[in-house]
Amino acid sequence: LFPHSIGKTKNVLAFVPADREKEAKDSWADMVGGEELIAEIAKTGKVNCDVAVATPDMMPKLAKIAKILGPSGLMPNPKTETVGANIKKIIEEIKRGKIAFKNDATANMHQAIGKVSMGTKELTENLIAFVEAIRKGKPASSKGTYIKSATLTSTMGPGIKVDVSSIAS
């Protein structure tokens, strides 16, 4: 979680059993459902959300629509913390701006940490939080320099090199 919002709210789709639908709706999930929602997605082939979350007991049922959710990066996964028994906590963290990041094929990480309209203090605090999260995720088996360089840029602006070695870990 960033200390300052980057201004993006995510549409959350929650796959939960019928007896937990109210809990998910109370946690601000945009779409909530169980087997009937899975059947509808299987029929239409369309999913209109940014993040899909599920309870562990719904995961076997999601196999039916894995070919739809998987390629679009929406398949709930324990590694990305989108599967869990405490669905309320998962949805609330995502709605508050929790981010998941990963590197691309060339070992680069692309992540929005703020907006141009934000002040220097807010951008700096978000950058520090992001760098610390990356360092916490460093595998114990990884040797050598973990973050070699960092560059900040606006969408179409020039890149500015940032010295992240001075950021405390």
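Which helix lies across β1 and β2, and at what angle does the helix run to β1? I looked this up before anything else. Helix α2, residues 35-44, lies across that pair of strands and runs at about 120° to β1. I note here that the model I am reading is a predicted one.

**Entry 1: the sheet**

Three strands make an open sheet, and I read their order as β2-β1-β3 with parallel pairing. The edge strands are β2, at 31-33, and β3, at 51-54, and each of these pairs on one side only.

I then went through the pairings. Strand β1 covers residues 12-15 and pairs with β2 in the parallel sense over three bridges. β1 and β3 also run parallel, and four bridges join them.

A14 stands opposite V32 in β2. In β3, the bridge partner of A14 is V53.

**Entry 2: what lies on the strands**

I looked for another helix on the sheet and found α5. Helix α5, residues 87-95, lies across β1 and β3 and runs at about 165° to β3.

Is β3 covered on one face or on both? I found both faces covered: V51 and V53 are buried on one side, and A52 and A54 are buried on the other.

Which residues of α2 are buried? I listed L37, I38 and I41. Seen down the helix axis, these buried residues fall within an arc of 100°, so they line one face of α2. The general rule I keep for this is that an α-helix has 3.6 residues a turn, so residues three or four places apart point the same way. On the other side of α2, I found E36 and K43 exposed.

I then checked what covers the buried residues of α2. The cover includes β1, β2, α3 (59-62) and α4 (66-69). After α2 comes G45, and I noted that its phi is positive, near 75°.

**Entry 3: the nonpolar core**

I looked up the largest nonpolar core and found 13 residues in it. Those with the most contacts inside this core are L13, F15, I38, I41, L62, I65 and L69. β1, α2 and β3 each supply at least two residues of the core. The largest share, three residues, comes from α2. As a general matter, nonpolar side chains tend to be buried together in soluble globular proteins.

Setting aside neighbours within four places in sequence, I found L13 in contact with M31, L37, I41, V47, C49, V51, A52 and V53.

**Entry 4: two buried loop residues**

S27 is in the loop between α1 (21-26) and β2. Is S27 buried or exposed? Its relative accessibility is 0%, so S27 counts as buried. Apart from neighbours within four places in sequence, S27 is in contact with K88, I91 and E92.

T82 is in the loop between α4 and α5. Why does T82 count as buried? Its relative accessibility is 8%, and buried means under 20%. Leaving out neighbours within four places in sequence, I found T82 in contact with V51, A52, V53, A54, M75, P76, N77, I90 and I94. The side chain of T82 is also joined to that of T80 by a polar contact of 3.1 Å.

**Entry 5: the loop between α5 and α6**

A100 lies in the loop between α5 and α6, the latter at 120-136. A100 is exposed, with a relative accessible area of 59%. I also checked A100 against S154, which is 54 residues apart from A100 along the chain, and their C-alpha atoms are separated by 20 Å.

N108 is also placed in the loop between α5 and α6. N108 is partly exposed, at a relative accessible area of 38%. Not counting residues up to four places away in sequence, N108 touches K102 and N103. I found a polar contact of 2.9 Å between the side chains of N108 and T106. N108 and I147 are 39 residues apart along the chain, and their C-alpha atoms are separated by 9.9 Å.

Technical notes
Residues are numbered from 1 along each chain as its sequence is written. This is a predicted model: local features need pLDDT of at least 70, side-chain atom pairs count only at pLDDT 80 or more; totals for chains, interfaces and linings use all residues. Side-chain values use heavy atoms; hydrogens and water are left out. Two strands pair if DSSP finds at least two bridges between them. Contact means heavy atoms within 4.5 Å. Axes are lines fitted to C-alpha atoms, for helices over the stretch in contact, and angles run from 0 to 180 degrees between N-to-C directions. Buried means under 20% relative accessible area, exposed over 50%, partly exposed in between (1.4 Å probe, protein chains only). A nonpolar core is a set of buried Ala, Val, Leu, Ile, Met, Phe, Trp, Tyr and Cys residues joined through side-chain atoms within 4.5 Å. The arc is that of the directions from the helix axis to the C-beta atoms. A polar contact is a pair of N or O atoms within 3.5 Å; within protein, one must be able to donate a hydrogen and the other to accept it, and residues adjacent in sequence count only if both atoms are side-chain atoms.
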